[in-house]
Amino acid sequence: MISISNELMQQTNLTASQKLLMGYVISKGQIDDTNEQLAQMFGVTKVSITQWLSRLDKKGYVELHYNKRKRTIIPKPIPVNVSEEVAS
């Protein structure tokens, strides 16, 4: 089950898709799913997942840790102040 907090919903600098992916990561604590697995789960392309994760990382919402061929995605705390930045 994916739960999306009010704090996450209020983040104006994230798209609905990015919020959904963040909700999934937060609900799991951390994930090591591949982009292909995430794409199948969310019904999108691997390219979309790559873009979402890249933007979440760039905006400071997740940490991406790489160990050889394995990647772990770890959520960071959701900022209390809602950003005025436009979603990309």
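Me: How many helices and strands does the secondary structure of the protein come to?
Reply: This is a predicted model, and in it the secondary structure comes to four helices and two strands. Along the sequence these elements follow the pattern α-α-α-α-β-β.

Me: And what share of the residues counts as buried?
Reply: The protein has 88 residues, and 33% of them count as buried.

Me: OK, let's look at H4. Where is it, and how many residues does it have?
Reply: Helix H4 covers residues 46–58, which is 13 residues, and from its first C-alpha to its last it reaches 18 Å, close to the 18 Å expected at 1.5 Å a residue.

Me: Which residues of H4 are buried?
Reply: The buried residues of H4 are Ile-49, Trp-52, Leu-53 and Leu-56. Seen down the axis of H4, these buried residues fall within an arc of 95°, so they line one face of the helix.

Me: What about the other side of H4, which residues are exposed there?
Reply: On that other side, Val-47 and Lys-58 are exposed.

Me: You mentioned H3. At what angle do H3 and H4 pack?
Reply: They pack at an angle of about 105°, and their axes are 8 Å apart. Angles of 65 to 115 degrees count as roughly perpendicular, and therefore H3 is roughly perpendicular to H4.

Me: Which residues make that contact?
Reply: From H3 the contact is made by Asn-35, Glu-36, Leu-38, Ala-39 and Phe-42, while H4 brings Lys-46, Ile-49, Thr-50, Trp-52 and Leu-53. Sorted by class, the contact of H3 with H4 has six nonpolar, two polar and two charged residues. Ile-49, Trp-52 and Leu-53, which take part in this contact, are also among the buried residues of H4.

Me: What follows H4?
Reply: H4 is followed by Gly-60, whose phi is positive, near 85°.

Me: Switching topic: where is Thr-72, and is it buried or exposed?
Reply: Thr-72 has its place in strand S2. Its relative accessible area is 17%, and because buried means under 20%, Thr-72 is buried.

Me: Which residues does Thr-72 touch?
Reply: Leaving out residues up to four places away in sequence, Thr-72 touches Gln-30, Ile-31, Asp-32, Glu-63, Leu-64 and His-65.

Me: Last one: what share of the contacts with a separation of 6 or more comes from residues 24 or more positions apart?
Reply: Residues 24 or more positions apart account for 51% of those contacts in the protein.

Methods. Residues numbered from 1 in each chain as written. Predicted model: local features only at pLDDT ≥ 70, side-chain atom pairs only at ≥ 80, totals over all residues. Heavy atoms only, no water. Expected span 1.5 Å × (residues − 1). Buried < 20%, exposed > 50% of the residue type's maximum accessible area, 1.4 Å probe, protein only. Arc of directions from axis to C-beta. Contact = heavy atoms within 4.5 Å. Axes fitted to C-alpha atoms, helices over the stretch in contact; angles between N-to-C directions. Parallel < 35°, antiparallel > 145°, perpendicular 65-115°, else oblique. Nonpolar A, V, L, I, M, F, W, Y, C, P; charged D, E, K, R; others polar.
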